[in-house]
Amino acid sequence: MRARQSRPSVARVYSYVLGGRDNYGVDKDLGDYFIEDLPGSEQVAITNRDAVLRAAKAMAEAGIRQIIDMGCGLPANVNVHEVVRQAQPDAHVVYIDDDPFVVAHGRALLAVDDGIVVLQADIRDPEAIKDDAEVQRLINFDEPVGLLFAMTLSFVNDEEDPTSVVQYWADRIASGSRVYLSHFRTGNTREALATANKILEAFGRGRFRADAEILACFGTLPVDEDGLRPCIQWRPERPEDAARDLTVWEQLVVSGMARKA
């Protein structure tokens, strides 16, 4: 654990920027860099989080009662299972993260009943996730499943083949299933380049991709009619967000959802 305390964690920094308190000094230092040296950059985290909750809500309202959150991060003020269960009270939710710190906190705060589990696993090993006993207990892959990849594929390098991660699930989920992902989008502004460089420097990984590369991550699944949009404009709750000019930060993270026919 001490080694993990000596370097920042994606999940802890993300949580800190959103106002969370479960972090170490290295996480706070990096979070403060984004907040103070790149003012406005916290909108990347904020708009991403809001969009993934809208995605979870959309899945539940479409009748999906089982969700796998691939890279859940630390518990927040509002969590995926809370949104999903407003529409589907008996929904099953599996939270996945590879950070033991995140998993420990998640198990303490999120696993409130037998229909919710928090597992330590690597999204780059989807077969191990699918074969996990708790996943087998909670998820029936003969019925529609909702898969959330909120920013996680941004931290899967090209040589690790992010498309194959999604395609593994696309080949196994039932008709009517949904796959949502959000991702860092390539930008050419000073702010975009500074953000990308700092993330790569701090974490040793973190890929900003062009729209075509992000769409390719869906594999054979067709993106729905909303297409790929900045998170703040993806199924916005406020109509004015759909058409207004976006800040450079709001343009740096995009969302899309696909439905398996």
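1. H2 passes H3 in a right-handed crossing, that is, the near helix is turned clockwise from the far one by less than a right angle. The residues of this H2–H3 contact divide into 5 nonpolar, 1 polar and 4 charged. (Ala, Val, Leu, Ile, Met, Phe, Trp, Tyr, Cys and Pro count as nonpolar, Asp, Glu, Lys and Arg as charged, and the others, Gly among them, as polar.)

2. A word on the basis: this is a predicted model, where local features need pLDDT of at least 70 and side-chain atom pairs pLDDT 80 or more, while totals for chains, interfaces and linings use all residues. Residues are numbered from 1 along each chain as its sequence is written, and side-chain values use heavy atoms, without hydrogens and water.

3. Helix H2 (residues 10–17) and helix H3 (residues 25–37) pack at about 50°, with axes 9 Å apart. On the H2 side, Arg12, Val13, Tyr16 and Val17 take part, meeting H3 residues including Leu30 and Ile35; contact means heavy atoms within 4.5 Å.

4. Is valine 166 buried or exposed? Valine 166, in helix H9 (residues 162–170), is buried, with a relative accessible area of 1% (buried is under 20%, exposed over 50%, partly exposed in between, with a 1.4 Å probe and protein chains only). Not counting residues up to four places away in sequence, valine 166 touches Phe149, Leu153, Val179, Cys217 and Phe218.

5. Lysine 130 in helix H7 (residues 126–131) also deserves a look: at 18% relative accessibility, lysine 130 counts as buried. Beyond its neighbours within four places in sequence, its contacts include Tyr168, Trp169 and Arg172.

Note on methods. Helices (H or I, at least four residues) and strands (E, at least two) are DSSP runs, numbered from the N terminus. Axes are lines fitted to C-alpha atoms, for helices over the stretch in contact, and angles run from 0 to 180 degrees between N-to-C directions.
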